[in-house]
Amino acid sequence: MLSVTLDIEDHRGAARGPKRHAAMTEQLLELLAEAGVRASLFIVADLIATDRALIRRIAAEGHEIGLHSFDHVPLAAHDPDSFRRRTADARAALADAAGAPVPGYRAPSFSLTRATPWVPEALAEIGFHYSSSVLPAGSPLHGYPGAPREPFRWPCGLLELPAPVTRVGPLTLPYLGGIYFRYLPAALIRRRLRGADSGPAAGLWSYLHPYDIDPAEPFCRPHGAPLWMSLLLHARRSGARARFARLLHGGMGSTIGPPLGARVAAGHFTAARPFPG
Ligand SMILES: [Zn+2]
């Protein structure tokens with residue numbers, strides 16, 4: 001069983017030209033509605049000031065609200081005390097804006113790594129029910145090689161739902177999301193997804209961003225991104241919308257389940273094993 005997730009952020013930041021994330025998010029909401037799929041939408045809290053009506057709409061359409069950090073800066077750049085305070089404030093503000101609870105947390109760019117061992121405890125203290133912030137493989141950005149590839153519990157008890165990965169040649173890739181979902185052959189994704197879908201306990205989730213389905217966006221370099229990555233992020237977007245629609249309608253080989261938080265509450269991951277970190 002696969003849960004659908006979206007990471008809602010304004011990756012253009014201060015780049016010139018009109019904002020695009022809200023319109024693209026609305027298009028993603030329409031695709032979800034057409035397929036009758038409820039998803040988890042992890043939202044960066046700095047959008048609360050500008051996109052309150054959109055956040056309200058997301059919750060009103062029955063989707064689960066998650067927090068995708070307060071500023072989309074990698075976790076290692078923060079000190080534990082201010083992280084705890086600002087994340088708790090962001091979660092409360094997001095719940096208020098949405099009129100709905102915020103059970104889950106997703107780190108910016110999977111930046112929960114060995115370098116930030118204090119993060120899970122902070123998230124548990126704040127009251128999150130789960131995190132989906134770990135890429136359990138090596139990565140040019142942020143990865144956690146050696147972390148379990150199935151749902152697991154941190155020593156503090158917090159449940160972690162790591163990004164689903166698969167081997168492609170010498171690489172281990174989060175094949176169900178973002179650029180990987182856009183670039184990898186559809187037949188490969190379908191085959192791997194079918195092989196991994198072992199029912200409700202399978203911690204499978206896909207992820208997409210508003211820009212992933214936006215072929216018309218003028219090129220920009222997101223804050224902090226090197227040129228090669230900006231180019232990768234910008235290319236191969238035109239087929240992504242149709243591919244995502246296929247996934248939502250079950251055409252990529254998996255059963256689509258409820259949002260992650262609903263599955264956590266229903267006890268799908270109670271067998272998750274401890275990981276000492
Ligand atoms: Zn993000």
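## A buried pair to start with

Are F83 and W118 buried or exposed? In this predicted model, both F83 and W118 are buried.

## The annotated region

The UniProt record, an unreviewed entry, lists residues 1-277 as "domain: NodB homology".

## Aromatic pairs around F83

Searching the whole structure turns up 13 aromatic pairs. In one of them, the ring centres of F70 and F83 are 6.4 Å apart with the planes at 50°, so this pair counts as tilted. F70 sits in the loop between strand 3 (64-67) and helix 3, while F83 belongs to helix 3; the pair links distant parts of the chain, 13 residues apart. Both partners, F70 and F83, are buried.

F83 also pairs with W118: here the centres are 5.3 Å apart and the planes stand at 75°, so the arrangement is edge-to-face. Because F83 lies in helix 3 and W118 in the loop between strand 4 and helix 4, this pair ties together parts that are 35 residues apart in sequence. One aromatic cluster takes in F70, F83, Y105, W118 and F128.

Just after helix 4 comes G127, with a positive phi of about 115°.

In soluble globular proteins, nonpolar side chains tend to be buried together. The largest nonpolar core here has 65 residues, and L32, I65, F83 and F244 are the members that touch the most others. Leaving aside residues up to four places away in sequence, the contacts of I65 include L41, I43, I55, I58, L94 and V102. Another core, of 13 residues, lies apart from the largest one, and among its members are F110, L159, Y207 and F269.

## Charges over rings

Two arginines are worth a look in the viewer. R106 lies over the face of W205, at 4.0 Å from the ring centre. The charged end of R236 sits over the ring of Y183, 5.6 Å from its centre.

Terms used: Residues are numbered from 1 along each chain as its sequence is written. This is a predicted model: local features need pLDDT of at least 70, side-chain atom pairs count only at pLDDT 80 or more; totals for chains, interfaces and linings use all residues. Side-chain values use heavy atoms; hydrogens and water are left out. UniProt positions are given in the numbering used here, feature names are shortened, and annotations may be inferred rather than shown by experiment. Helices (H or I, at least four residues) and strands (E, at least two) are DSSP runs, numbered from the N terminus. A nonpolar core is a set of buried Ala, Val, Leu, Ile, Met, Phe, Trp, Tyr and Cys residues joined through side-chain atoms within 4.5 Å. Buried means under 20% relative accessible area, exposed over 50%, partly exposed in between (1.4 Å probe, protein chains only). Contact means heavy atoms within 4.5 Å. Rings of Phe, Tyr and Trp (its six-membered ring) pair if their centres lie within 6.5 Å; planes under 30 degrees apart count as stacked, over 60 as edge-to-face and the rest as tilted. A charge sits over a ring if NZ of Lys or CZ of Arg is within 6 Å of the ring centre and within 35 degrees of the ring normal.
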